[in-house]
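Colleague: Could you take me through how helix packing and pockets are read in a model such as this one?

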Amino acid sequence: MSIWNERARAYKESRDHASGDDLELLVRWAEAGPGVRVLDVATGGGHTARRLREAGCEVVSADPAPAMEPDVVCRAEDLPFPDGSFDVVVTRIAPHHFEDVALAVREMARVSRRLVLVEDTLYTSERVEEAERLRDPSHVRSYSEAEWRGFMEAAGLRVEEVVMHRKARPVEDWLARTGTIGPIAARVTELLAEHVEGGVFTDTKIMLRAGKL
Ligand SMILES: C[S@@+](CC[C@H](N)C(=O)[O-])C[C@H]1O[C@@H](n2cnc3c(N)ncnc32)[C@H](O)[C@@H]1O
């Protein structure tokens with residue numbers, strides 16, 4: 001069973017994911033409203049899909065973990081939809097888990113008619129990558145802005161806007177969500193020392209708004 005099925009409840013209940021200025025920016029970028037058809041890739045606890053539905057969009061959620069209860073069970077690298085099925089395709093705080101992010105971006109571009117919106121953890125350093133993998137072995141890699149621009153352009157998208165969003169949360173909550181305890185939790189905290197202050201871990205999310213060429 002995928003580790004993500006075991007984590008479904010933690011991500012559905014995650015205050016870290018449920019709201020935020022980043023989510024509101026995605027809603028604005030999507031020009032959300034009635035008649036806008038959106039695909040939410042790697043929906044996890046479903047917070048992005050829910051917020052876009054509240055804003056009036058017709059949303060299809062997708063995720064490979066059945067316990068997340070997506071509308072469609074699938075990987076980002078293999079989206080079971082015809083070309084141009086959606087006005088907007090969005091993925092939030094998930095691509096660092098994708099095995100083949102370049103392929104996933106090509107798939108998102110293929111099934112979109114208009115926009116592809118991405119938010120993910122920005123690459124910081126190899127120390128942070130090591131901490132991320134120790135805390136969560138499903139972490140593949142985070143990417144720099146230049147790498148993101150490369151994935152988008154190679155998929156036939158034009159990057160129209162890039163925003164950096166600082167995200168802070170109690171380090172204890174962040175470790176608990178993946179069940180990280182004991183010496184591993186201690187090592188992760190040590191690796192992240194320069195990004196943790198007063199028990200709060202802060203990192204940067206990169207947000208990209210890209211249009212079809
Ligand atoms: C942190 S959660 C996503 C959070 C969610 N988008 C939100 O806004 O709250 C990461 C999700 O990525 C999914 N995932 C992992 N590998 C994937 C892949 N190759 N393709 C699509 N989704 C994947 C997991 O099943 C998990 O539900």
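**Helix packing and pockets**

Modeller: Helices α4 and α5 cross in a right-handed sense, a crossing being right-handed if the near helix is turned clockwise from the far one by less than a right angle, and left-handed if anticlockwise. The model is predicted, with local features needing pLDDT of at least 70, side-chain atom pairs counting only at pLDDT 80 or more, and totals for chains, interfaces and linings using all residues. Residues are numbered from 1 along each chain as its sequence is written, and side-chain values use heavy atoms, with hydrogens and water left out.

Colleague: Which residues of α4 and α5 make the contact?

Modeller: Contact means heavy atoms within 4.5 Å; here Leu23, Glu24 and Val27 of α4 meet His47, Thr48, Arg51 and Leu52 of α5. These residues divide into 3 nonpolar, 2 polar and 2 charged, where Asp, Glu, Lys and Arg count as charged, Ala, Val, Leu, Ile, Met, Phe, Trp, Tyr, Cys and Pro as nonpolar, and the others, Gly among them, as polar.

Colleague: Which residues lie nearest the centre of the second largest pocket?

Modeller: A pocket is an open set of points on a 1 Å grid over the protein atoms alone, where a 1.4 Å probe fits, with protein on both sides within 12 Å along at least five of seven lines, and its lining residues have an atom within 4 Å of a point. In this case 16 residues line the second largest pocket, with Arg15, Asp16, Arg169, Asp173 and Arg177 nearest its centre. By class, that lining has 9 charged, 4 polar and 3 nonpolar residues.

Terms used. Helices (H or I, at least four residues) and strands (E, at least two) are DSSP runs, numbered from the N terminus.
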